[in-house]
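Here is a short briefing to read beside the sequence and the structure. The points are grouped by topic.

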Amino acid sequence: MRRAPNRARLTAMETVAVIDFETTGIAPGQGARATEIAAVLLREGEIVGRFQSLMNSGAWIAPFIESLTGISNAMVAAASPARAVIREVVPFTRGCQTVAQNASFDRSFWLAEAAAAGCEPDPAHRFACTMLLARRVYPQAPNRKRGTLAALNQLPDNGRAHRALADAMTAAQLWMKLQRDLQERGSARLALTHERMCELQRTARGGTDRWLRQGAGRAVVPRRMV
């Protein structure tokens, strides 16, 4: 059976890495460290690669974090050192544009853990944010939580929330659904690349239809998301 009319190919002839961290706290600047990382690679509308690992940074996991994530101090004690894990996932995502559900959070841990591991920054690793995009594409959603957006869009159940691979898979599926829904609102010929999606997430809320009318295919130079 023939596939939909080149829609996936038009969304991006590029590889995107969807990143998710589980951590001991909310910010590296407050001493929090990563306990688990996952990366899901997307190309032409399909999942083409997965990476997941617990990571041992030596940081203590508080009981309420263990209850939230299911990741215990014993589990990370048996895991590979954080430095070794990051030195695996950075080459795995090299050259890929990056996406996360709450990108400011995951980006902060990505940069902090990569620096701690002595990894050189990859200029391709500019983060798009599915939460910011959902605010513009799904204004009817009661909130922008991952579970709410997954239920709204009837995404597959990927397992326990607050585990890195399950959350990265859901974010990857949401990213692809956002692209499909934007094409349906605009045109199946819109080239909704990572760069164009970053442009949309900077657009004022309520301005999505105007953005689509103006044409997402015009050349833009994406700015780093902050």
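**Strand S4 and its partners**

Three bridges join strand S4 to strand S5 (residues 127–129), and the two run parallel. This is a predicted model.

*Around S4*

- S4, helix H5 (residues 103–116) and S5 make a β-α-β unit, and the unit is right-handed.
- In a regular strand, side chains alternate between the two faces of the sheet.
- S4 (residues 97–100) is covered on both faces. Gln97 and Val99 are buried on one side, Thr98 and Ala100 on the other.

*Helix H9*

- Helix H9 (residues 194–201) is largely enclosed by the rest of the structure, because seven of its eight residues are buried.
- The buried residues of H9 are His194, Arg196, Met197, Cys198, Glu199, Leu200 and Gln201.
- Which elements cover them? The cover includes strands S4 and S5. It also includes helix H6 (130–137), helix H8 (164–185) and helix H10 (208–214).

*The largest pocket*

- The largest pocket has a volume of about 620 Å³.
- Its lining has 28 residues; Asp20, Glu22, Arg146, His162 and Asp167 are the closest to the pocket centre.
- By class, the lining of the largest pocket holds nine nonpolar, ten polar and nine charged residues.
- Which element gives the most to the lining of the largest pocket? Strand S1 does, with four residues.
- At least two lining residues each come from S1, helix H2 (63–69), H5, helix H7 (146–152) and H8.

- Strand S2 (residues 34–43) and strand S3 (residues 46–54) run antiparallel, joined by eight bridges.
- Within this pairing, Ile37 stands opposite Ser53 in S3.
- S2 and S3 form a hairpin, with two residues between them.
- Glu44 sits in the turn and has a positive phi of about 55°.

Key. Residues are numbered from 1 along each chain as its sequence is written. This is a predicted model: local features need pLDDT of at least 70, side-chain atom pairs count only at pLDDT 80 or more; totals for chains, interfaces and linings use all residues. Side-chain values use heavy atoms; hydrogens and water are left out. Buried means under 20% relative accessible area, exposed over 50%, partly exposed in between (1.4 Å probe, protein chains only). Two strands pair if DSSP finds at least two bridges between them. A crossover is right-handed if, with the strands pointing away from the viewer, the path from the first strand over the helix to the second runs clockwise. Contact means heavy atoms within 4.5 Å. On a 1 Å grid over the protein atoms alone, a cavity is a set of points where a 1.4 Å probe fits but cannot get out, and a pocket is an open set with protein on both sides within 12 Å along at least five of seven lines; lining residues have an atom within 4 Å of a point. Grid points are joined across faces, edges and corners, and a volume is the space filled by probe spheres set on the points. Ala, Val, Leu, Ile, Met, Phe, Trp, Tyr, Cys and Pro count as nonpolar, Asp, Glu, Lys and Arg as charged, and the others, Gly among them, as polar.
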